[in-house]
Amino acid sequence: MSATLLAVQTLNGLQLGILLFLIAAGLTLVFGVMDFINLAHGVQYMLGAYLAVAGYGITGTFWGALLLGLLGALIVGLVLELLVFRHLYDRDHLDQVLATFGIILFLNEAVRAIWGSTPLTLPMPDLLSGSFELMDGLRYPVYRIALIAAGLLVAAVLYVLVTHTRAGMLVRAGATNAPMVAALGVDIRRLFMLVFGFGTMLAGFAGILAAPILVVEPGMGDNLLILAFVVIVIGGIGSIRGAFIAALIVGLVDTLGRGFATDIARLVMSPSAANGVGPAIASMLIYVLMAAVLFFRPTGLFPARGG
């Protein structure tokens, strides 16, 4: 295990954590404020990537693709909220799970019908192409560093919005006691719509950032949705701070586990056995972590105040 490999895997873990945070932030707000289980949230991540690819075809620039992708993700999210999701808020969780799972199937097939099943890519901007030397023997892509920085900037802005603005106060109050907020004269439906739209735009932003370094294909958000649910359970439902810290922890644990679990297993068993046991252990680490957190703190590390 070299210091260079450890540094690369750590940066990769931070990158995954940032993407998870952008997805989980909207998901935890929707779940915390609305008590609404939206399995289709991962589809917004996929749509952000596809809409950015389409935007690049129109504008020919990454920045134009970013703008059109964000706008398109927001519009699609608001349309889905208006036509489908708002009719599910008062239904039980099983109905929400079944309905949003149907949305996943529908949108995955719609994407396949429009763009085909062939994986697509979004060219990264020339400004962020190339790599630079972080330490002796370690060159890391500029775009991946910019992705981490963009995620940290979004986290800071989101923190200010949630903790220091009136809209953020209403969101936090809604996450604690939505009926009381409605009783005080706040249009709770409008609040729900704004939270939902903002959450889908964050997920779409994550998809746009990932598009230049990952393949854009149908179903690309399904696996990340599972990790996002792990993040909000560990961090605490309705907590932005919890989602941020938990996303970084999950990203690092998952990436470092997959990178070094086999090497660590070889210290106590034969290489052939370690080759089989290491990947199996690595794939379970985040779920073991979640179980441990729930055992000691059933409401998560940083539950929403009053939750």
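This is a predicted model: local features need pLDDT of at least 70, side-chain atom pairs count only at pLDDT 80 or more; totals for chains, interfaces and linings use all residues.
**View 1. Trp-63, at 46% relative accessibility, is partly exposed.** Trp-63 pairs with Phe-62, and because their ring planes stand at 85 degrees, the pair is edge-to-face. The ring centres of the two residues are 5.1 Å apart. Phe-62, for its part, has a relative accessible area of 5%, so Phe-62 is buried. Look for Tyr-143 as well: together with Phe-62 and Trp-63, Tyr-143 makes up one aromatic cluster. Across the whole structure, a search finds six aromatic pairs.

**View 2. Phe-295 and Phe-296 form another edge-to-face aromatic pair.** Here the planes of the rings are 90 degrees apart, and the distance from centre to centre is 5.0 Å.

**View 3. Helix H3 packs against helix H7.** To find your way, follow residues 62-83 for H3 and residues 188-210 for H7. On the H3 side, the residues in contact are Leu-66, Gly-69, Leu-70, Ala-73, Leu-74, Gly-77, Leu-78 and Glu-81. They meet Met-193, Phe-196, Gly-197, Thr-200, Met-201, Gly-204, Phe-205 and Ile-208 of H7. Sorted by kind, the residues of this contact are 10 nonpolar, five polar and one charged.

**View 4. Helix H8 and helix H10 cross at roughly 25 degrees.** H8 covers residues 222-235, while H10 covers residues 271-296. Their axes come within 9 Å. Are these two helices roughly parallel or roughly antiparallel? H8 and H10 are roughly parallel, because an angle under 35 degrees counts as such. The crossing of H8 with H10 is left-handed. From H8, the contact takes in Ile-226, Leu-227, Val-230, Val-233 and Ile-234. From H10 come Ile-286, Tyr-287, Leu-289, Met-290, Val-293 and Leu-294. The residues of this contact count 11 nonpolar, with no polar and no charged ones.

Definitions and conventions
Residues are numbered from 1 along each chain as its sequence is written. Side-chain values use heavy atoms; hydrogens and water are left out. Rings of Phe, Tyr and Trp (its six-membered ring) pair if their centres lie within 6.5 Å; planes under 30 degrees apart count as stacked, over 60 as edge-to-face and the rest as tilted. Buried means under 20% relative accessible area, exposed over 50%, partly exposed in between (1.4 Å probe, protein chains only). Axes are lines fitted to C-alpha atoms, for helices over the stretch in contact, and angles run from 0 to 180 degrees between N-to-C directions. Helices (H or I, at least four residues) and strands (E, at least two) are DSSP runs, numbered from the N terminus. Contact means heavy atoms within 4.5 Å. Ala, Val, Leu, Ile, Met, Phe, Trp, Tyr, Cys and Pro count as nonpolar, Asp, Glu, Lys and Arg as charged, and the others, Gly among them, as polar. Angles under 35 degrees count as roughly parallel, over 145 as roughly antiparallel, 65 to 115 as roughly perpendicular and the rest as oblique. A crossing is left-handed if the near helix is turned anticlockwise from the far one by less than a right angle, and right-handed if clockwise.
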